[in-house]
Amino acid sequence: MRLPVAAVALMVILGSFGGAFGIRFVIDREECFSHKVEYGNTVHFSFVVIKSEGSWHYSEDGVDLVVKGPNDEQVHDIRDKTSDKHEFVAYHQGIYRFCFTNKSPYHETIDFDVHAGHFLYHDEHAKDEHFKPLFEHIGKLEEALYNIQFEQHWLEAQTDRQAIVNERMSRGAIHKALFESAALVLASGLQVYILRRLFERKLGASRV
Amino acid sequence: MKLGEARWLWTLLIVAAAVPAARGLWLDLPSTGSKCISEELHNNAVVLADYYAFIGEDYDVNATQTPTITVKVTSPYGNEIHHSEKVAHGQFAFTATEAGNYLACFSLDGDQGGKKVTVGIDWKTGIAAKDWETVARKEKIEGLELELKKLEEAVETIHNNLYHLVNREAEMREVSESTNARVAWYSLMALTICIVTSILQVLYLRRYFRKKKLI
C-alpha cells in the first residue's frame, strides 16, 4: 500500500479542516478564551472593538489583549488598541489563552477571530515523486485562501466599526446644531429679561 | 489509476477528520449569569455548531464528571432557534432567515460545586458547514477533485464577501456625504438664528427704552 502517499495525504486533508472562529462578544471587565493548538501551527488572531456603550464617550475605547502559552509564557501583549492583527508560531503544543481587559467604564462589543493553520510538513514521509508537489501546492493554496478569509473577516469588522462611528457622528452633528440654537435663543431671552429688570429698578428708584 | 486506488484512503481520511477532536474556541463560564457570543450573519447563511462543557483545563472525552449547562440561541428579532437545558454537550444547526446579529447564550445550571467550567464551541458557517459527503456522493467525485471543489467554493465565498464589503463601503460613503451636507446646513441655520435673535433683541430693547422715555 502506498504508505508515504497516505502520510502526505493525511497531512493535506487534516489541513483542510483547520477552522477560523470569528465571534463577537460584549466585554465587561475581563474575558478569556482558550484554544487548543498543535505543535508547529501558525496561529493568526485579530480583534476589533465594534462599539462602546457610552454615547458621549470621549476617552480612548481600546482594550488590552494578553496571549499566554500552555506553560504560562507570554506570547503577545497588546495594550490599548481598538483593532489589531497578529500571528505567531506555536512552539509548544497545548492550550493557549487569549485574555481581554477592558479599562473603560463602558461595556464594549469586540469581534475576535482566531485561525490556526494546521498544515505540517513531514518531508521524510513522502517519497512519491508524483503526489508530493501536487499535495503540497494544494495545501499551500488552501492555507492562502483561509488567510484571505481571515483578513476579510477583520476588514469586515473594521468596516462595521466605522459604520457605527459615522452614524454617531451624523446624529451628533444634528444634536449639536439644535442644542446650539436653543442655547442661543435662551441666552438672548435671558439677556433681555435681565436688562429690563435692571432698568425697571433704576427707573423705579429714581422716580420715587 | 493511482488516484482511483487511493479511494479507500480518502474516505478513511474524511471519516477520520469528521470525528470531533477538541476543536473550537473555549469560553470560561462564570458560576452565575450567562456568557453570550454573537455573530453577524447574512440571509441564507448556514450555521453548524457543536458545543461541549467540561471541568478543568483540558477536554477529556472519558471524563466522569460532566457539568450541565443551558443553551439558548436567538435570532436578531428575538425568535428562539434552539433551547436546551441540563446538557453537557450538543449541537444545533440553522439557516439564517433574517440578516442580523444571532446570539448564543450559555449558562450554568445551578451551582456545580464551585469548580471552573469551560464551554467549547465549534461554530462553522459557510463552506465549513456544507455537507461534503453528500456532494461527493451526488456528483460522484472524490479525493483530489473534492478538495479542488472545496477550494472553488472557498474562492466563491471570498468573492461574495468582497462584494458585500464594497456595498457596505458605498453605504458608508453616502452617510459621510450626507453628514457633510448636514453639518454645513445646520451650522448655517444656527448662525442665522443667532443673527435674527440679536436683531430682535436690539429692536425690542429700543422699543422698550423709547417707551420708558430714556432715548
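Modeller: This is a predicted model, and we can go through how chain B and chain A meet.

Colleague: Great. How many residues of chain B are in contact with chain A?
Modeller: On the chain B side there are 59, in contact with 63 residues of chain A.

Colleague: And what area do the two bury between them?
Modeller: About 5800 Å², with 68% of it on carbon and sulfur atoms.

Colleague: Which elements of chain B supply the side that touches chain A?
Modeller: At least two residues each come from α1 (2–5), α2 (7–18), β1 (25–29), β2 (34–41), β8 (117–125) and α4 (144–211) of chain B. The most comes from α4(B), which gives 31 residues.

Colleague: How does that side split by class?
Modeller: The side of chain B that touches chain A has 34 nonpolar, 15 charged and 10 polar residues.

Colleague: Speaking of charge, how many salt bridges cross the interface?
Modeller: The rule gives 4 between chain B and chain A. One of them joins the side chains of A:Asp160 and B:Arg168, at 2.7 Å from N to O.

Colleague: Switching to strands: which strand of chain A does β1(B) pair with, and in what sense?
Modeller: β1(B) pairs with strand β2 (residues 30–37) of chain A, antiparallel, over 3 bridges.

Colleague: Nice. Which residue in β1(B) is the bridge partner of A:His35?
Modeller: That would be B:Leu25.

Notes: Residues numbered from 1 in each chain as written. Chains lettered and ligands numbered in written order. Predicted model: local features only at pLDDT ≥ 70, side-chain atom pairs only at ≥ 80, totals over all residues. Heavy atoms only, no water. Contact = heavy atoms within 4.5 Å. Buried area = accessible area lost by both parts, 1.4 Å probe. Helix = DSSP H or I, 4+ residues; strand = E, 2+ residues; numbered from the N terminus. Nonpolar A, V, L, I, M, F, W, Y, C, P; charged D, E, K, R; others polar. Pairing = 2+ DSSP bridges.
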